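Here is a short briefing to read alongside the sequence and the model.

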Amino acid sequence: MKSRSILTVVCILMSTWISAQITVDPMAPVTLCGGQTLAVAFTAIGTFNAGNVFSVELSDAAGSFAAPTIIGSVLATGSGSTSCGFPAGIVGGAGQAIRVNASDPVQTGIAYILPMTTVIPPNAGSNAVITLCSSDPPTSLFAALGGTPQSGGTWTNPPGNPSPNTFIPGTSIPGCYTYTVASGPPCANDTAVVCVSVNQAIDLGTDGNLTVCSNASPIDLGAGLPAGGTWVFLGGPHSSVFTPGVDPPGCYTYTVPGIAPCSDATVDRCITVEVMPDAGLDAAVIWCISAGVVDLFTQLGGTPDPGGTWTDIDATGELVGSIFNAPAVAPGNYDFTYVVNGNAPCVPASATLTVTVAACIQAPPPQGNFATE
């Protein structure tokens, strides 16, 4: 009777020990590139209830299951396999392990150190397309890549020749630049492409200043500038034609829209207008000797500017400033020129005055007594 009791206890203990055995079937050593999905086979000894789930847990790199990651699971009551996703970065035999646990009844499997190696693949980022302006500063091609590219790769230009990381508008060749991050087996090199196009900035040259005379012909401010822009003066639209004496002086701005990402191009044409001098109008006057000296300036026609210079064309020697000593010359015609200088680019203005000096005969005094009482 005592022997039968001992046997019963032993069987119970064996049954309990056997039910705790969930082991991972041996996996072949292999080196893989990147994360891989692989089937994990396991052997479960014992009885498991309907609805039991076998879960495959992944430890950290040191083999600890303090915070495991479930990488696969299957609904089953016995041994089998399940598809599992293994991350990149596993070093075979270094301690990282998996185990298979059961949910009903709850059982923890035996850890299995992974023999596989999953190499982290090279990462060149993702392709990108950028558009630059010809006036932009040098641009980093690496910074233009999408994703999270790793540094240390190499660049080739559109013809396939080695290239620096920097694209210089106006110097570098527009097109597609290839970034390559090299890797050894089992991973292949990774590449990404940055395609660069360049829009030409509009060059309107430098601002200009122009001084004109008030009597000058209309001026085309847009001479030498590309078409397609607009003129503005003091915030309002204006044509490209400046008419001296009509349009106000100041700065006229021409703007041509830029093609993105180029900004608009502008240039100023600043106009200064000098007033044309006025020497008055030509005139002729008869001057009696008895009238004394004559101020020639008062005899000109129009509205002459003061401050000009008189010239005695006939060299009478009797002209001082604008005063002509008519009584000192013989009767006759005498010509004088009045010249007023203007500020450049205005040319001097002149007028001619002809003075006819005459010995005017005065009428005799009335005869007789015409007084009335």
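Predicted model: local features only at pLDDT ≥ 70, side-chain atom pairs only at ≥ 80, totals over all residues.

The whole structure holds 6 disulfides and 12 aromatic pairs. The largest nonpolar core has 21 residues.

**Disulfides**

- Counted along the chain, the bonded cysteines of the protein chain pair as 1-4, 2-8, 3-5, 6-11, 7-9, 10-12.
- Cys33 is joined to Cys187 with an S to S distance of 2.0 Å, and the torsion about their S-S bond is about 110 degrees, so this disulfide is right-handed.
- Cys33 lies in strand S2 and Cys187 in the loop between strand S16 and strand S17, so the pair ties together parts that are 154 residues apart in sequence.
- Cys33 is partly exposed at 25% relative accessible area, while Cys187 is buried at 6%.
- The disulfide of Cys213 and Cys346 has an S to S distance of 1.9 Å and is right-handed, with 110 degrees about the S-S bond.
- Its partners are 133 residues apart, with Cys213 in strand S18 and Cys346 in the loop between S30 and S31; Cys213 is buried at 5% relative accessibility, and Cys346 is buried at 7%.
- Cys251 and Cys270 are joined at 2.0 Å S to S; Cys251 is in strand S23 and Cys270 in strand S24, 19 residues apart.
- Cys84 is buried at 1% relative accessibility, and its sulfur is too far for a bond because the closest cysteine sulfur, in Cys33, is 20 Å away.

**Nonpolar cores**

- In the core of 21 residues, those touching the most other members are Leu296, Trp310, Phe324, Phe336, Leu353, Val355 and Val357.
- Strands S25, S30 and S31 each supply at least two residues of this core, and S31 gives the largest share, 5 residues.
- Leu296 has contacts beyond four places in sequence that include Trp310, Phe336 and Leu353.
- Another core, of 20 residues, lies apart from this one and has Met27, Ala44, Val100 and Met116 among its members.

**Aromatic rings**

- One of the 12 aromatic pairs is Trp231 with Tyr254, whose ring centres are 4.8 Å apart and whose planes are at 35 degrees, so the pair is tilted.
- Trp231 is in strand S20 and Tyr254 in strand S23, so the pair ties together parts 23 residues apart in sequence; Trp231 and Tyr254 are buried.
- Phe42, Phe48 and Phe54 form a cluster linked by ring pairs.
- Over the ring of Phe65 sits the charged end of Arg99, 4.2 Å from the ring centre.

**A buried threonine**

- Thr118, in strand S10, is buried at 1% relative accessible area.
- Beyond four places in sequence, Thr118 touches residues including Leu32, Pro87 and Ile90.

Key. Residues numbered from 1 in each chain as written. Heavy atoms only, no water. Core = buried A, V, L, I, M, F, W, Y, C linked by side-chain atoms within 4.5 Å. Buried < 20%, exposed > 50% of the residue type's maximum accessible area, 1.4 Å probe, protein only. Helix = DSSP H or I, 4+ residues; strand = E, 2+ residues; numbered from the N terminus. Contact = heavy atoms within 4.5 Å. Phe/Tyr/Trp six-rings, centres within 6.5 Å; stacked < 30°, edge-to-face > 60°. Lys NZ or Arg CZ within 6 Å of the ring centre and 35° of its normal. Disulfide = S-S within 2.5 Å.
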